[in-house]
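I opened this notebook to record what I looked up in one protein model. The entries are in the order in which I wrote them.

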Amino acid sequence: MKKIQAWIEKHMVPIVNKITQNFWFGIVADAILYIVPFSMVSAIPSLWSIVRTFFPNLPDLTPISQYSFGLIGLFVVFIIPYNCLVKMEKKDRSMIAGFTGIGTFMLCMNMTTTETGTLIDLGKFGAGGMFTSMVIGLAVAFIYRSMVKFSFFGEDSLIPDFIKNWFDNIIAIFLSLFIGFIFTTLLKVDIFSMVQLLMKPVTGFAQSLPGVIFIVCLQNLFYFFGISGWVFTPVTRSITQRRLLKMQQLLRRA
């Protein structure tokens, strides 16, 4: 046992520490932690639906779940670019970066326009689009990080800072939306389907019984040797959110 512990401390611990200290990993981890309260709130309507099976006259609280847990993909795509700029001490651009993430996310949804209006798949806003929101959020954050030192104005410019901020964000906003436009409109790529297809082997195994047992054992193994299970949060939370969504849907149908 001591040999195993020594091997883990020598080889695995440095790797895990390096991962947790990574700039991008920290941004995603923070984003996942921010949405935990929404997941907890969404559990209330799910439990309430069980009570309604015995008392049908009680009101349906499904909209509370739909507009909390059902929007976590939208929340994540805002938080990731926002956190990126905050960590870089560029709070004047952080809020606009978050809004850019939302705009790019919705651009990639391939909304269908009909004579009566625009059709939106609300499932893409929630756990079903969470992996996609992480990918798009990281892409927007990368663009903003690359452009963070760019400015149309010099430091000695007499133009007010808020006006400088307007113009300095233009290129990052345009690039983010233009890249989304190329994939969605010109190349006709369904970003959501593509990301889900790439992640299917991982999520398929992780949501199976052997996968769940493996993840729990792995977390406890690392925790035993002094590495917190929170290290795996960005991955495990993304997977469990999708499983929780399926459970909630089954409870409502019951």
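**Entry 1: overall**

I note at the start that the model is predicted. I looked up the secondary structure and found twelve helices and two strands. Read from the N terminus, the order of elements is α-α-α-α-α-α-β-β-α-α-α-α-α-α.

I then checked burial: 34% of the 254 residues count as buried.

**Entry 2: helix α6**

I looked up the span of α6, which covers residues 91-107. Its 17 residues reach 25 Å from the first C-alpha to the last, close to the 24 Å expected at 1.5 Å a residue.

Next I listed the buried residues of α6: R93, S94, A97, G98, T100, G101, T104 and F105. Why do the buried residues of α6 line one face of the helix? Seen down the helix axis, they fall within an arc of 165°, so one face of α6 is lined by them.

I also asked which helices this buried set packs against. The partners are α5 (72-87), α7 (130-147), α8 (161-168), α9 (170-186) and α10 (191-206).

**Entry 3: N169**

I located N169 in the loop between α8 and α9. Is N169 buried or exposed? Its relative accessibility is 1%, and buried means under 20%, so N169 counts as buried.

I left aside the neighbours of N169 within four places in sequence and listed its other contacts, which are R93, I96 and Y144. One of these, R93, is also on my list of buried residues in α6.

**Entry 4: nonpolar surface patch**

I looked up a nonpolar surface patch of about 720 Å². The residues that make it are F174, L175, F178, I179, F181, F183, L186 and L187.

The relative accessible area of I179 is 38%. That value falls between the 20% and 50% cut-offs, so I179 is partly exposed.

**Entry 5: helix α2 and I32**

I looked up α2, residues 23-34. This helix has twelve residues and reaches 17 Å from first C-alpha to last, close to the 16 Å expected at 1.5 Å a residue. Its buried residues are G26, I27, V28, A29, A31 and I32.

I followed up on I32, found in α2, and noted a relative accessibility of 0%, which counts as buried. I then looked up how far I32 is from I72. The two are 40 residues apart in sequence and 9.2 Å apart in space, C-alpha to C-alpha.

**Entry 6: positive phi**

I recorded E89, a residue other than glycine with phi near 60°. E89 sits in the loop between α5 and α6. Its relative accessible area is 71%, and the cut-off for exposed is over 50%, so E89 is exposed.

I also recorded K188, which is not a glycine and has a positive phi of about 55°. Where is K188 found? I placed K188 in the loop between α9 and α10. At 65% relative accessibility, K188 counts as exposed.

Methods. Residues are numbered from 1 along each chain as its sequence is written. This is a predicted model: local features need pLDDT of at least 70, side-chain atom pairs count only at pLDDT 80 or more; totals for chains, interfaces and linings use all residues. Side-chain values use heavy atoms; hydrogens and water are left out. Helices (H or I, at least four residues) and strands (E, at least two) are DSSP runs, numbered from the N terminus. The expected span of a helix is 1.5 Å times one less than its number of residues. Buried means under 20% relative accessible area, exposed over 50%, partly exposed in between (1.4 Å probe, protein chains only). The arc is that of the directions from the helix axis to the C-beta atoms. Contact means heavy atoms within 4.5 Å. Patches are made of residues with over 30% relative accessible area and no salt bridge: like charges are joined within 9 Å, nonpolar side chains (Val, Leu, Ile, Met, Phe, Trp, Tyr) within 5 Å. Accessible areas come from the Shrake-Rupley method with a 1.4 Å probe; for residues, only the protein chains shown count as cover. A salt bridge is a side-chain nitrogen of Lys or Arg within 4 Å of a carboxyl oxygen of Asp or Glu.
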